[in-house]
Amino acid sequence: MDRRAFGLGAMATLSLSACASTGPRFLSYNGPEVTSLVINKGARRMYLLHNERVLKEYKVDLGFAPYGTKTKRGDGRTPEGTYLIDRRNPRSRYHLSLGISYPNSEDIAKAKAAGVDPGGDIFIHGQPNRRSERKRAKKTEDWTAGCIAVKNNEIEEIYSMVYEGTAITLRP
């Protein structure tokens, strides 16, 4: 076997093994079911609950205009109200993400009456994957466009505990 063929084969093997480990790692959770999430925007806190019992508490960052509820695309506000976790994204622009079912029919009707787009794509997520966005996020509290952000190790834990269909209430 010539050295060139051996070198190419070795490179291909190393490349394939590197690809296998590039995806996010998922924690496992075997504790009580998370039956709901509550976000207290004023306190910048998120609570994961099993019925009435708080299982976990996290500090959160919100949209860049955190006071009041989201009314239109681009307003920088985090919604208020009750929604559902409606999707999971392991390959998010941020370190993992859980989608929130904003806008609901009431949000859409209010936006339509006001002649505006209600916006969407509201998530609970970790820190940005892009270096330039990470630098900006570290400089200020409430840096998202309306999402709820936590630390990367925290979103890994939350992602393992919360499933689609879980209720989430966002309070002022």
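**Pockets, core and local geometry of the predicted chain**

The lining of the second largest pocket comprises 5 nonpolar, 2 polar and 5 charged residues; in this classification Ala, Val, Leu, Ile, Met, Phe, Trp, Tyr, Cys and Pro count as nonpolar, Asp, Glu, Lys and Arg as charged, and the others, Gly among them, as polar. The model is predicted, so local features need pLDDT of at least 70 and side-chain atom pairs count only at pLDDT 80 or more, while totals for chains, interfaces and linings use all residues. Residues are numbered from 1 along each chain as its sequence is written, and side-chain values use heavy atoms, with hydrogens and water left out.

The second largest pocket has a volume of about 180 Å³. A pocket is defined on a 1 Å grid over the protein atoms alone, as an open set of points where a 1.4 Å probe fits, with protein on both sides within 12 Å along at least five of seven lines; lining residues have an atom within 4 Å of a point. Grid points are joined across faces, edges and corners, and the volume is the space filled by probe spheres set on the points. Among the residues lining the second largest pocket are Lys59, Asp61, Gln127, Trp143, Val150 and Glu154.

Glutamine 127 is located in the loop between β6 and α3 (131-139). Helices (H or I, at least four residues) and strands (E, at least two) are DSSP runs, numbered from the N terminus. Glutamine 127 counts as buried because its relative accessibility is 18%; buried means under 20% relative accessible area, exposed over 50%, and partly exposed in between (1.4 Å probe, protein chains only). A polar atom of the glutamine 127 side chain is 2.8 Å from the backbone oxygen of valine 150. Such a polar contact is a pair of N or O atoms within 3.5 Å; within protein, one must be able to donate a hydrogen and the other to accept it, and residues adjacent in sequence count only if both atoms are side-chain atoms. With neighbours within four places in sequence set aside, the contacts of glutamine 127 (heavy atoms within 4.5 Å) include Tyr94, His95, Trp143 and Lys151.

The largest pocket holds about 410 Å³ of space. Its lining consists of 22 residues, and Tyr94, Gly120, Asp121, Ala145 and Cys147 are those nearest its centre. Strand β6 (residues 122-125) contributes the most to this lining, with 3 residues. By class, the 22 residues divide into 7 nonpolar, 10 polar and 5 charged.

The chain as a whole contains 4 helices and 8 strands, in the order α-β-β-β-β-β-α-β-α-β-α-β from the N terminus. Of its 172 residues, 38% are buried. Among contacts between residues at least 6 apart in sequence, 61% join residues at least 24 apart.

In soluble globular proteins, nonpolar side chains tend to be buried together. A nonpolar core is taken as a set of buried Ala, Val, Leu, Ile, Met, Phe, Trp, Tyr and Cys residues joined through side-chain atoms within 4.5 Å. The largest such core has 26 residues, and those touching the most other members are Leu37, Met46, Leu48, Ile124, Ile158, Val162 and Ile168. At least two residues of this core come from each of β1 (36-40), β2 (45-50), β3 (53-59), β4 (81-89), β5 (97-100), β6, α4 and β8 (167-171). Helix α4 supplies the largest share, 4 residues. Beyond its neighbours within four places in sequence, valine 162 is in contact with Val34, Leu37, Leu48, Ile85, Arg88 and Leu98.

Serine 160 belongs to helix α4 (residues 152-161) and counts as buried because its relative accessibility is 8%. The serine 160 side chain reaches the backbone oxygen of glutamate 157 at 2.7 Å. Outside the four places on either side in sequence, serine 160 is in contact with Leu27, Ser28 and Tyr29. Glycine 31 is in the loop between α1 (3-20) and β1, and its C-alpha atom is separated by 8.3 Å from that of methionine 161, 130 residues apart along the chain.

Most residues other than glycine have a negative phi, and most peptide bonds are trans. The bond from tyrosine 102 to proline 103 is cis, with omega near 0°; proline 103 is in the loop between β5 and α2. Arginine 44, in the loop between β1 and β2, has a positive phi of about 55°. Aspartate 142, in the loop between α3 and β7 (148-149), has a positive phi of about 60°.
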